[in-house]
Amino acid sequence: VRSPVVVRSIGRSVVAVVASSAPAGRPARPVVMAIDTVLRDALGLRWAADLRMLTLEAMYFAITAYQWVSPAPTWFGAALLYLFTLVLAFSGATAVHNCVHTPPFRSRVANSVWYVVLTLTLGQPVSSYVPGHNYSHHKYLATRKDIARTSQMRHSWNLLNLLLFVPQTVFVVHRNDVLYFKAQKGRPIYYQAWLELVALYGAYALLGALSPYKTLALVVLPHLWAKYAIITINLLQHDCCDPNSKYDFARNFTDDVLNFFAYNNGYHTIHHMYPGKHWSKLKDEHAKRVQPYIHPELDQSSIFGYMFHAYVYPGERRMYDGTPYVEPPDAKLSQLDWTFDVTATFDDDDDDELAK
């Protein structure tokens, strides 16, 4: 006798128990199908967790388009909608960070198209994130070859170190990118960067022709904010830490809301230890491999609480353990160039041998 099909909703998954034609007295064989797994395979994703990234990116473009064609009826509503746009723009910037470490799609063509989409979220070619981050920052953390080293910020008023980190580093970053891509000419990443650049400025030109004001307010300014935020968070995560320590070289922000929109980028120590580990695994890996050994002050429950304490009141620049800030001996020295003729552009998957 064939049993009926029973469908139950359990959490995020749908479990379908499909009867087999087994002889009487034997139980039916269950077939378990998770919706997120089905969608992952249908879209060609490597990880089902990246469905969140696709959803938030779609929301970013949808909300931007809505504001373009249908302004909110009240100033309050418009402000809330614009604020959420900035949140999603930052979320897109963190997606860029993750995707240059772990490409989300199985297909190279799909990844190439996705990087163009993310470029239109960040306002900068995604491929240009590779030299300054994957190579300079990850390989040469806090040294003169790290273009994002925080020790170059030497203002006595700590708030200025926070506010001016991007303006003081942007030209060095740009020079670094130009040199890198000059050395990469003829390689796939060189042509990918050009594809992203043409798409970005083509979009700017088209939208600017339709409405310069809306383009500036709804596209360019969120792009500038996204770049400012993703670069500045580097200061929050590394300033006043010990780059020579096995665990105390980075600060972590464990707030669940932040890490929902930032795809667990708050768990920064484990990311540096295993840069190819997918973001969906970072929280659990942090609890297992980092939290038992790290200084407790490097696990901050609120990024905004930390910013207020470190940069507003009392606003003192102190080491992670509360002792007075110690300026590295090479803080006053200029940046050093690093080798540019490298062929790899992305990290491998999350194998343990990626640990540094």
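Which backbone oxygen does the side chain of Asn 111 reach? Select Asn 111 and Phe 105 to find out: the side chain of Asn 111 comes to 2.8 Å from the backbone oxygen of Phe 105, a polar contact (a pair of N or O atoms within 3.5 Å, where within protein one must be able to donate a hydrogen and the other to accept it, and residues adjacent in sequence count only if both atoms are side-chain atoms).

Before going on, a word about the model. It is predicted, so local features need pLDDT of at least 70 and side-chain atom pairs count only at pLDDT 80 or more, while totals for chains, interfaces and linings use all residues. Residues are numbered from 1 along each chain as its sequence is written, and side-chain values use heavy atoms, with hydrogens and water left out.

**Stop one: around Asn 111**

Show helix α4, residues 108-122, where Asn 111 lies; helices here are DSSP runs (H or I, at least four residues), numbered from the N terminus. Asn 111 counts as buried because its relative accessibility is 8%, and buried means under 20% relative accessible area (1.4 Å probe, protein chains only). Leaving out residues up to four places away in sequence, Asn 111 touches Pro 103, Pro 104 and Phe 105; contact means heavy atoms within 4.5 Å.

**Stop two: the nonpolar core**

Now select Trp 114, Leu 118, Leu 236 and Tyr 311, which touch the most other members of the 63-residue largest nonpolar core. Such a core is a set of buried Ala, Val, Leu, Ile, Met, Phe, Trp, Tyr and Cys residues joined through side-chain atoms within 4.5 Å. Helix α3 (residues 75-99) gives this core its largest share, 7 residues. Next, centre on Leu 118: beyond its neighbours within four places in sequence, its contacts are Glu 57, Gly 92, Ala 95, Val 96, Cys 99 and Val 126.

**Stop three: the largest pocket**

Pick Gln 124, Ser 128, Tyr 129, Val 173 and Asp 177, the residues nearest the centre of the largest pocket among its 40 lining residues. A pocket is an open set of points on a 1 Å grid over the protein atoms alone, where a 1.4 Å probe fits, with protein on both sides within 12 Å along at least five of seven lines; lining residues have an atom within 4 Å of a point. Finish by colouring α7, which supplies the largest share of this lining, 10 residues.

Conventions: Buried < 20%, exposed > 50% of the residue type's maximum accessible area, 1.4 Å probe, protein only. Helix = DSSP H or I, 4+ residues; strand = E, 2+ residues; numbered from the N terminus.
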